[in-house]
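Thanks for coming. I will take a few parts of this protein one after another, and you can follow along on the screen.

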Amino acid sequence: MWFFARDPVRDFPFELSPEPPEGSPPGPWVLHRGRKKATGSPVSIFVYDVKPGAEEQTQVAKAAFKRLKTLRHPNILAYIDGLETDKCLHIVTEAVTPLGVYLKARAEAGGLKELELSWGLHQIVKALSFLVNDCSLIHNNVCMAAVFVDRAGEWKLGGLDYMYSAQGNGGGPPPKGIPELEQYDPPELADGSGRAVREKWSADMWRLGCLIWEVFNGSLPRAAALRNPGKIPKSLVPHYCELVGANPKVRPNPARFLQNCRAPGGFMNNRFVETNLFLEEIQIKEPAEKQKFFQELSKSLDSFPEDFCRHKVLPQLLTAFEFGNAGAVVLTPLFKVGKFLSAEEYQQKIIPVVVKMFSSTDRAMRIRLLQQMEQFIQYLDEPTVNTQIFPHVVHGFLDTNPAIREQTVKSMLLLAPKLNETNLNVELMKHFARLQAKDEQGPIRCNTTVCLGKIGSYLSATTRHRVLTSAFSRATKDPFAPSRVAGVLGFAATHNLYSMNDCAHKILPVLCGLTVDPEKSVRDQAFKAIRSFLSKLESVSEDPTQLAEVEKDVHAASSPGMGGAAASWAGWAVTGVSSLTSKLIRAHPTAAPAETNVPQRPAPEGLPAPAPTPVPAAPTTSGPWETQEEGKDTEEDSSAADRWDDEDWGSLEEAESALAQRDDWSTRNQASRAGQASNPGHRSQESDWSSWEAEGSWEQDWQEPSPPEPPPEGTRLASEYNWGGPEPSDRGDPFAALSVHREAGAQSRRDSWGDDNWEGLETESRQVKAELARKKREERRREMEAKRAEKKAAKGPMKLGTRKLD
């Protein structure tokens, strides 16, 4: 029977890279790149081949193997695994690059900043302080070849081949036998003068001075070159001179050297070093200290190295969010560091955290996510948006904080292209309908209209036909002037989504009413939109063959490309939480739409002022939109909402005085609206929008108004009727079916009153007043009887033979 010995190198869980070895330092070891077979993660493998006749070097290599395996410190090369056979030694460490190779590569890319060099030297000095002061070990090989750099830019101390105990255990320093390493020995060891080394750290601190010289000036040609500091920074030169002094007793302890360099104005006293020191001790810091650190971190990240941000700052941010309850403060630096990641790394490291953050109930977290959504939306896929993010985001529409509602509306512009049919055309439209009709903040209503216009191209053809016209028409009746402007611009931006019939019968009548709006900005935009729609209608009228081309997008499916044209048609009413919305919130902490508190709009220039209407007193507030934000009438019919020069004409007894003060223009405007009011087929658009919560039916919320039915043949205008005298015509009065109140309102809107008889109106007005007074007296009588009955029942029954004294 044959037995075959297993090859330990073949069974080793790490393998060498086929690439040639990196710039290996002088000494017995050769540095190779490698990877772990199971996971493929990169590592560095130091290989020593045992050669016959080199027993002394083999003993040095084995001693280094043992030292590196037992020493653990953040600034010393991290040992992962090892292999020791009769033929070779393998030491597996974290993936590193020799400092000389690293500096050369960075010099070709523009060179290292002083911030990076200061922190790298800080790490090497800290490692020496650990060895000398805590372990009583002398490194005996500090030089460029003994320093390595990991992927985060952290400097690690290696080259432990010639280390020995400072207490004399195990003999003196081992011989090096390599001229390239012996040139770093201090003069007291090289000149043979017999001067004793008074301090155990003196030799290593001399070698540290040589390392500093090489970092700033390149390879050290000879020891005499140390007298010239060269490119060493001025703030470091005094401390460098202490290291390379001829007297070994003057050389400072590594710990004291760090203190000197960290003093105010010192080379290592900077924000980068402070940030690294805080990250190293972040687990033992107080929560308040962590909060302050993360708040200030974002300002400094721009000046920090990219590798440092990716491999050191990012893991700490993720850990702080996952286990440290850091909250929203980590978001800003997290997304800033995310810019340095590839798409694959972003999906693996950032997206899982973002998805988890959206489920948080912390308002600060939610608003930060909404504000910075633009930085990570491109990395979110559609299933993640629809199933894990959108269900949480829509809660912001119902939030009591206006700032969150505002940011939620704005975020829909980014989320809409990734939403599915149900979320976009059903759920989102329900929330938009409620916000535009009933939100008490004017800027939020305005932004809802703006967002709807910008995402209109993503909606399905059915939803566009049902929603857009009604939504923009509703916006044109908003008391907040920017909302009316947004409604006009919404029509203009989505002009290609309407049929010619809709343009003529639904859109132009709405826009024409805005040409007499009290705000000039609204009138200007209305005229522009009217000219645009008229030119479109005129071109089709001249050449009917263009109809198919003009209406090609009306019934087309939703297309992301169509949204590009409307991307910049209007800006947001506000730009952030600290802008207009916050001012309005502070000025109107309990503001809400009210029917009875509608402000009087100013009349346009050149027109007589309308009749003043009594308005209940309201507290005076300061703000640019004070007159628009005091309230809005959400229950009035479309004919009343369309009046540009008055919000409320008062009760019927004021009709005569109101009519006496109005001119022909306003009268004709009112008469035309009276004709609309007389049409039973006309439906108020505002009632369509405000009925969402009350009705609970989505089909009725955005239902567009049915076109007015044509009047019967031969029917005259309202102004042609004789309201007081007998009518010789044999045709029936089309207003006979209206109520007394509607009839009186229609009579008050006639085109001319020169020859009219007002007796009938005055008589009916007195009858209505008498009827109202009689009803009030009847209600008062019933209330008094009910009170007497309650008082009698409270006294209870009287006992026989007794008299109850009141």
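The axes of helix 12 (residues 306–323) and helix 13 (residues 331–338) cross at roughly 150° and come within 10 Å. That makes helix 12 roughly antiparallel to helix 13. On the terms: angles under 35 degrees count as roughly parallel, over 145 as roughly antiparallel, 65 to 115 as roughly perpendicular and the rest as oblique. Axes are lines fitted to C-alpha atoms, for helices over the stretch in contact, and the angles run from 0 to 180 degrees between N-to-C directions. Helices (H or I, at least four residues) and strands (E, at least two) are DSSP runs, numbered from the N terminus.

Before I go on, the source. This is a predicted model, in which local features need pLDDT of at least 70 and side-chain atom pairs count only at pLDDT 80 or more, while totals for chains, interfaces and linings use all residues. Residues are numbered from 1 along each chain as its sequence is written, and side-chain values use heavy atoms, with hydrogens and water left out.

Back to the pair. The crossing of helix 12 and helix 13 is left-handed, meaning that the near helix is turned anticlockwise from the far one by less than a right angle; clockwise would be right-handed. Which residues of helix 12 meet helix 13? They are Cys309, Arg310, Val313, Leu314, Leu317 and Leu318, and on the helix 13 side they meet Pro333, Leu334 and Val337. Contact here means heavy atoms within 4.5 Å. By class, this contact of helix 12 with helix 13 has eight nonpolar residues, no polar ones and one charged. Ala, Val, Leu, Ile, Met, Phe, Trp, Tyr, Cys and Pro count as nonpolar, Asp, Glu, Lys and Arg as charged, and the others, Gly among them, as polar.

The second pair is helix 19 (residues 421–438) and helix 20 (residues 442–455), which pack at an angle of about 150° with their axes 9 Å apart. Helix 19 and helix 20 are therefore roughly antiparallel to each other, and helix 19 passes helix 20 in a left-handed crossing. From helix 19 the contact takes in Leu424, Leu428, Met429, Phe432, Leu435 and Gln436; from helix 20 it takes in Ile444, Arg445, Thr448, Thr449, Cys451, Leu452 and Ile455. The residues in the contact of helix 19 with helix 20 are nine nonpolar, three polar and one charged.

Five strands form an open, antiparallel sheet in the order 1-2-3-5-4. Two strands pair if DSSP finds at least two bridges between them. At the edges are strand 1 (14–16) and strand 4 (79–84), each pairing on one side only. Neighbouring strands of this sheet are turned by 30° against each other on average, direction ignored.

Strand 1 pairs with strand 2 (residues 30–36) over three antiparallel bridges. Leu16 has Gly34 in strand 2 as its bridge partner, and Phe14 stands opposite Lys36 in strand 2. Strand 2 and strand 3 are joined by six bridges, again antiparallel, with Leu31 opposite Phe46 in strand 3. These two strands form a hairpin with five residues between them, and Gly40 in the turn has a positive phi of about 80°. Helix 2 (residues 55–70) lies across strand 3 (42–49), strand 4 and strand 5 (88–94), at about 145° to strand 4.

The other sheet has three strands in the order 6-8-9, open and antiparallel. Strand 6 (96–98) and strand 9 (155–157) are the edges, each with a single partner strand, so one side of each is left without a neighbour in the sheet. Strand 6 and strand 8 (residues 147–150) pair over three bridges, and Val96 has Asp150 in strand 8 as its bridge partner. Helix 3 (residues 99–108) lies across strand 6, strand 8 and strand 9, running at about 85° to strand 6.

Last, two loop residues. Most residues other than glycine have a negative phi. Ser136, in the loop between helix 4 (114–134) and strand 7 (137–138), has a positive phi near 55°. Asn140, in the loop between strand 7 and strand 8, has a positive phi of about 70°. Buried or exposed, then, for Asn140? Asn140 is buried, at a relative accessible area of 6%, and Ser136 counts as buried at 14%. The cut-offs are under 20% relative accessible area for buried, over 50% for exposed and partly exposed in between, with a 1.4 Å probe and protein chains only.
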